[in-house]
Amino acid sequence: MSRVPLPYTQKVLDLFRNPKNLGKMEDANVVAVAGNPACGDMITFYMKITPDDVIEKATFESYGCAANIATASIVTEMIKGLTLQSAWNDVTWKKVTEEVGGLPSVKFHCGILAVGAVKRAIRKYCEEKGKSPDWLPKETTFEEKQALEEEELAKTLSKRLKVAEEKQS
Amino acid sequence: MVENVKELLRAHEGITHEVYLDNENSTIVPREVVDAMLPYYGQKAYGNPTLTHKPGWEAFEVIMESQKKIADYLGAKILEELTFTPSETEANNLGIMGAVLANKARGKKIVISEIEPINVLQVAEFMAKYGFTTTKIPVNSEGTIDLEKLKDTVDRETVLVSVSNVNNEIGTIQPVKEAVAIVKDMNPLTIFHTDLSDAYTRIPVDVQELKVDMATISSYKILGPRGIGALYIREGVNVEKILEGQIGTQKLWPGVENTPLIVGFTKASELAFTNFVKNVNRMRSLRDKLVDGVFEELTDVKFNGTRGEKRSPDNANISFLRAEGEALTIELSLKGIYVSSGSACSRRLLQPSHVLVAIGRRFSEAHGSILMKTTRYMTEEDIDYVLEVLPNAVNRIRGIVGNTGVD
């Protein structure tokens, strides 16, 4: 059962109650997913990027807690109107955490996952368009690694769970 | 951080109806219980029961009378078999730690069920420091312990077995009497402990009938004050104390007895056992109304644990698929409905409730679980209100999820 006290900020609560940029985007030209439902922490980002690499709009869907919803929502606000380069370099998980007025430390990973998902989307878009800009590092960044780690963890847990799942069927 | 909480509380202003269903994690204390306790803070029996003056003797008298009453409710034969402790946690620590240390010559193996509460599970595992091993017996999809596995596991080395009578999360009633018979048949020297915290006042319990060696009960689980529990230890079972300090009336728990809390615990027991059948039927009918209503109003819901006679009358544990539990608890709180979830969200480990995993729930199902427990103080109107609010809350959270994470 959930035990660690979670004194969420007003901003987190506001974004939880009235999330900005929520929902699937029909005319998105890149979609990226990060996290895993087995972890109870998963985000889908939809972005529409203009031919000159500006993020025209971004929306999200989230399977997760209030911090997951709030950080995903704020990230869509933060990257709107930015160039891909600026979104890549300037939107860090620490800034995301600041933007929501701070998060309990056990929830830092929500902001990290949201930024990881954005980076994944940008990388995917560049690959699909055959672009390799100077600012895009070949090696995966901290946030991308964290997203991967969480997904790997989900796989490990799921394996351990297979025996248990057989019981159910 | 406290400022944040003040803001969160302000977001709850204007709530017109409140329904507290998180009776797993703490409860209200009824006025009658508080009233029974109050005189013991300033009017009488405020002394230390071991000392030679009137307030001390008064305290001694009321503690002994309380001990007698609770011993009677449990079916204990003699007064000394009951030790008051500060809570269920301390009672389980004393029972498990104190018994295995006192009887370590009999063996170093501890056997528990896979779905024991944290304060049994972690104490058993902690004993690895002293060379003990812990084996966990699996449960089936209803949460019932595998008695065959228990039989295969208990051996000459087994010093202690602990199986709670009613599971705190999914309410499954375990066949404790049968488990005791199996264990004693395999090894008569093995000590059998049961946590009765979720059974006491909900199903009939009698330590003589169950033939257990030790049993834990807790005040806050029965609408009594927090900070008091008790451990029954059958006469002749050797348990050593696990804390050092001044010993008073409680030979296995040092420190000054908390007379008002003992009185409150006793009063809460009395209230539950006066009209026991009526009280239990009330919990059950409210719980059934709640569960039936949820299944009528919503699709993609799963009931966790078993229905019918093998479930505690107060417990409802439901998984709402495509919704995350922590988000649901907050959404419901803003509408005045207070519940808890088996979701892993507050932990970086991202692992949900071990009980739900043990009964074969997928992680995504466990993350969407909500635990609700009814009490005799709730009304039909309370449940109507929950059924009015809950579907909208689930649907709003599902709206945020969209297709994310849907297989």
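This is a predicted model: local features need pLDDT of at least 70, side-chain atom pairs count only at pLDDT 80 or more; totals for chains, interfaces and linings use all residues.
Residues are numbered from 1 along each chain as its sequence is written, and chains are lettered from A and ligands numbered from 1 in the order in which they are written.

Chain A holds six helices and three strands; helices (H or I, at least four residues) and strands (E, at least two) are DSSP runs, numbered from the N terminus. Along the sequence of chain A the pattern is α-β-β-β-α-α-α-α-α. With a radius of gyration of 16 Å, close to the 15 Å that the globule rule gives for 169 residues, chain A is as compact as a globular protein of that length. The radius is taken over C-alpha atoms, and the rule is 2.2 Å times the number of residues to the power 0.38. The C-alpha trace of chain A spans about 55 × 35 × 30 Å along its principal axes. Of the 169 residues in chain A, 47% are buried. A residue counts as buried if 20 or more other C-beta atoms lie within 10 Å of its own, as exposed if 12 or fewer do, and as partly exposed in between, with C-beta atoms placed from the backbone.

The three strands of chain A form an open antiparallel sheet in the order S1-S2-S3, where two strands pair if DSSP finds at least two bridges between them. Strand S1 (30-36) and strand S3 (55-63) of chain A are at the edges and have a single partner strand each, so one side of each is left without a neighbour in the sheet. From one strand to the next the twist averages 15°; axes are lines fitted to C-alpha atoms, for helices over the stretch in contact, and angles run from 0 to 180 degrees between N-to-C directions. Strand S2 (residues 41-49) of chain A pairs with S3(A) over eight bridges in the antiparallel sense, and A:Thr44 stands opposite A:Glu61 in S3(A). Helix H2 (residues 66-79) of chain A packs on this sheet, touching S2 and S3 of chain A, and its direction makes about 175° with that of S3(A). Contact requires C-beta atoms, placed from the backbone, within 7 Å. Helix H5 (residues 108-129) of chain A also packs on the sheet, touching S1 and S2 of chain A, at about 145° to the direction of S1(A).

The contact between the chains takes 39 residues from chain A and 39 residues from chain B. On the side of chain A, H6(A) gives the most, with seven residues.

In chain B, seven strands form an open sheet of mixed pairing in the order S2-S8-S7-S6-S5-S3-S4. Strand S7 (residues 214-218) and strand S8 (residues 229-233) of chain B are antiparallel and share five bridges, with B:Met214 opposite B:Ile233 in S8(B).

Helix H8 (residues 176-186) of chain B has B:Val176, B:Ala179 and B:Val183 buried. These residues cover an arc of only 60° around the axis, which puts them on the same side of H8(B); the arc is that of the directions from the helix axis to the C-beta atoms. The face of H8(B) turned away from the buried side carries the exposed residues B:Glu178 and B:Asp185.

Technical notes. Two residues are in contact if their C-beta atoms, placed from the backbone, lie within 7 Å.
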